[in-house]
Amino acid sequence: MATTVKVLSTGSEKGSCVYISTEEVSVLVDVGPAKSKIEKLMLAENYDPTKIDGIFISHEHGDHTDGIGFADKFKIKVHASEGTLKAIGRLEFGKVVRTNGFTGFRPFSDHFMNVKPFAISHDAMEPFGYAIHTMDKKVTVLMDTGCVTDDMLEAMADSDVYIFEANHDIGMLEANGKYHDGLKYRIRSDIGHLSNDQAAEALAKLIRGRGEQIFLTHMSSSNNTAQLSEKAVKLALFEKGLVKGKHYKLEVI
Ligand SMILES: [Zn+2]
Ligand SMILES: [Zn+2]
């Protein structure tokens with residue numbers, strides 16, 4: 001059976017939570033929404049909350065961890081970097097995953113799911129992106145990061161599904177009178193959040209036009225619109241001769 005990938009929730013207000021499942025293994029990446037909300041979102045899609053084998057956390061910020069009680073309720077192991085586990089006070093509960101090699105998570109020998117973490121760049125203790133290999137797909141989850149490095153591109157290369165942050169439009173951010181200069185600087189910095197243009201530039205290096213699925217996520221409600229992020233990515237890919245619908249699929253969440 002094919003791998004199921006569903007972005008259940010995303011964004012700094014709603015919280016991020018991604019569901020990835022094969023017939024044998026199911027995991028969540030990030031548990032931002034409240035635990036009861038995660039349960040509701042899963043049940044609405046007919047996903048069984050009692051059948052989650054592991055939870056992977058990108059970093060400790062609340063919009064990625066506020067629903068961590070979901071792990072306790074269903075007795076699910078929490079996996080993250082040592083820095084993240086320390087930051088959320090869970091070092092004793094989780095198995096520490098490391099960035100070197102495919103050793104993160106391998107609960108089944110025959111129908112396995114391998115989760116390969118990679119370091120990302122965000123103002124958190126030790127933030128990770130995840131490249132998740134199932135029998136038929138490679139799914140990349142790149143949450144909050146201020147830049148995309150060559151190492152990150154290498155870790156994400158040849159994915160079938162890209163769950164990518166496209167946080168803000170630079171013009172909207174600059175013009176936003178409600179955000180003070182320090183906050184704007186933080187968002188724009190290398191340890192802040194990805195702009196539409198940064199996401200587009202990285203995706204233009206990654207997408208090869210073999211039907212990859214892109215989900216643009218973690219969109220700022222005050223500094224971005226779905227139209228702007230989609231336009232930025234479509235344009236960058238068009239310059240490479242790639243057309244939405246024909247060479248790749250794109251959805252803004
Ligand atoms: Zn976030
Ligand atoms: Zn964050």
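Two strands are taken to pair if DSSP finds at least two bridges between them. Strands (E, at least two residues) and helices (H or I, at least four) are DSSP runs, numbered from the N terminus. The structure is a predicted model, in which local features need pLDDT of at least 70 and side-chain atom pairs count only at pLDDT 80 or more, while totals for chains, interfaces and linings use all residues. Residues are numbered from 1 along each chain as its sequence is written, and chains are lettered from A and ligands numbered from 1 in the order in which they are written.

An open sheet is formed by five strands with mixed pairing, in the order β1-β2-β3-β4-β5. Its edges are β1 (4–9) and β5 (78–79), each of which pairs on one side only. Strand β4 (residues 54–56) runs parallel to β5 and is joined to β5 by two bridges. Ile55 has Val78 of β5 as its bridge partner.

Burial was assigned from C-beta atoms placed from the backbone: a residue is buried if 20 or more other C-beta atoms lie within 10 Å of its own, exposed if 12 or fewer, and partly exposed in between. Asp30 is buried because 30 other C-beta atoms lie within 10 Å. Asn46, with 6 other C-beta atoms within 10 Å, is exposed.
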